[in-house]
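Here are my notes for your first reading of this model. Please keep the structure open beside them and find each residue as it comes up.

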Amino acid sequence: MFNTRRQFLKAAGAGGIGLLAPLGVAGIVNAAESISWFKNPLGIPPLETGSFINGKRVINLSLGYGTSAFLGNRPTATVGINGDYLGPVIRVNQSDDVVLKVTNNLSEPSTLHWHGLNLPAAMDGGPHQAINPGETWNAAFKIHPGACTQWYHSHMYHRTGIQVYYGLAGLFYIDDERSNALGLPSTYGVDDIPLVLQDRSLNQDGSLRYLGSMHDRMMGMMGQLMLVNGTAFARFKVQKRLTRLRILNGSNARIYNLVFDDQREFLQIATEGGLLERPVSLRNIVLAPGERVEILVEFTPGDDVMLRHRPLPRRAGSAGATMGMMGNMMAANDQPFSIMRFDAAQSSSTLQPVPTRLITPRNWSLNEAVRTRRFELNMQMGMGMMRGGGFGINGRPMDMSRIDQRVPLGDIEIWEIINRSPMAHPFHIHDTQFRIIDRNGRAPGAGEQGLKDTVLVYPREIVRIITQFENYTDSKTPYMFHCHILEHEDAGMMGQFVVVA
Ligand SMILES: [Cu+2]
């Protein structure tokens, strides 16, 4: 018999106890894998636009247990939002007043955090907005940003990793008139395709395997089976010659370097906060947990290509190249593998033109900044690692009762993120979008010169960002800043700030 609730709680416990060996069949098997395995139609999440009640867009979301069949014959206990695994793509317009009614039908507290949005702290869905079993939480706020691809996910204190791993996440699209007028591919599920990238591990009985080893806790949980929108060995039958992919790295810890197997060029058109000034031509793109990009890919009739992960070359001077055990752990987790297949046998032969200019993303100038805050990401090596990792920021692990930073509303600030640890960490700030000023003093690449809410900070790197917190103050309710490797966040690499008048 299959008891989803018991399975969920069991995996949620001490971790690694009584777990079976991972499945032999896996999506991440590099050279041995075959394109013919990739035949499962890519799942396209339902769109959820809600309904208007008294001028507000009301959207009902229900967290509940489900069952998924990732590999066909073995059912997997999962958790979803209005479904068995993951949630719908929420789709709203700029300036909407939304009410998201979130009902928790799980047997443990949970939250939904609206990642990337500017909103009141009490509506953020972070650790302070836990929803108890059987309760409904109403998140009501105005949609400020222009068109962009955001997402939502559990942000439960100490439980974010497992709750997202089991399925509590979804995409959140915002549309605006200016972007609609650009003529970009925009038919949902036809030429405008969501791709939620996640890696998972399954036990032989089909259950999800979470945190089986110290390695999983230190490096973050990485799986052997690639899911795209919850589909393993996914194949998308391309319909239009120009196709827009909105890609979310929804993985707990894995960083992807995305390439097509024929090395084709594609155009990046957006970062987390929305469209870039102009399309950027690329052959690969690095996407860390929490980050999103939108790309345009041209598929000609007859194309049959794989989207793959290709390991990044070791950065010169990166600690991973020299630090023995840690370097080996990282190398073991960085093999090339296929993510999904794009089969363009039937694609239309007309190529729609791509605008050369998109929008002008917001920016701030350095001399407008009134202060700099420093954030050093901590992860202890050696004996500290054995004791649980020493995860923190500025020497302190997350404490819900401690406010780490008080930010005056409207001040333009520079945040300097310092990584002296041996692995890369994606740093995320709630309530705002920012621009990257520089990485170790060098301007970011063209694909990062847009609005972002998550930035990957490599070992021995200092990344400076500039931003401004707007619209809302609350001296009592904090927002979070944290590493988006969810096991690091859960272990303490997170802090709290309030925005004050
Ligand atoms: Cu981290």
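This is a predicted model: local features need pLDDT of at least 70, side-chain atom pairs count only at pLDDT 80 or more; totals for chains, interfaces and linings use all residues.

1. Two strands are said to pair if DSSP finds at least two bridges between them. Strand β18 (residues 266-271) meets that condition with strand β21 (residues 292-298): three bridges join them, and they run antiparallel.

2. Phe-266 has Leu-282 as its bridge partner in β19.

3. Is β18 enclosed or open to the outside? Five of its six residues are buried, so the strand is largely enclosed by the rest of the structure.

4. Turn next to the metal site. Which residues hold the copper ion? The donors are His-425 through ND1, Cys-483 through SG and His-488 through ND1, at 2.0 to 2.1 Å. Along the sequence their spacing reads H-x57-C-x4-H. The two histidines link distant parts of the chain: His-425 belongs to strand β28 (residues 425-429) and His-488 to helix α7 (residues 486-491), 63 residues apart.

5. Buried means under 20% relative accessible area. His-425 has a value of 0%, so it counts as buried, and His-488, also with 0%, is buried too.

6. The largest nonpolar core has 82 residues. The members that touch the most others are Leu-100, Trp-114, Phe-172, Trp-415 and Phe-427. Strand β11 (residues 169-175) supplies the largest share of this core, five residues. A second, separate core has 28 residues, among them Ile-193, Ala-234, Ile-285 and Leu-307. As background, nonpolar side chains in soluble globular proteins tend to be buried together.

7. Phe-172 deserves a look of its own. Leaving aside neighbours within four places in sequence, its contacts include Ile-90, Val-92, Leu-100, Trp-114 and Leu-117. Also on its contact list are Ile-143, Cys-148, Thr-149, Gln-150, Trp-151 and Tyr-152.

8. Finally, consider Gln-405, which lies in strand β26 (residues 405-408). Is Gln-405 buried or exposed? Its relative accessible area is 14%, so it is buried. Apart from neighbours within four places in sequence, Gln-405 is in contact with Arg-373, Phe-375, Asn-394, Phe-481, Gln-496, Phe-497 and Val-498.

Note on methods: Residues are numbered from 1 along each chain as its sequence is written. Side-chain values use heavy atoms; hydrogens and water are left out. Donors are N, O and S atoms within 2.8 Å of the metal (3.2 Å for Na, K and Ca); water is not among the atoms, so sites may look incomplete. Helices (H or I, at least four residues) and strands (E, at least two) are DSSP runs, numbered from the N terminus. Buried means under 20% relative accessible area, exposed over 50%, partly exposed in between (1.4 Å probe, protein chains only). A nonpolar core is a set of buried Ala, Val, Leu, Ile, Met, Phe, Trp, Tyr and Cys residues joined through side-chain atoms within 4.5 Å. Contact means heavy atoms within 4.5 Å.
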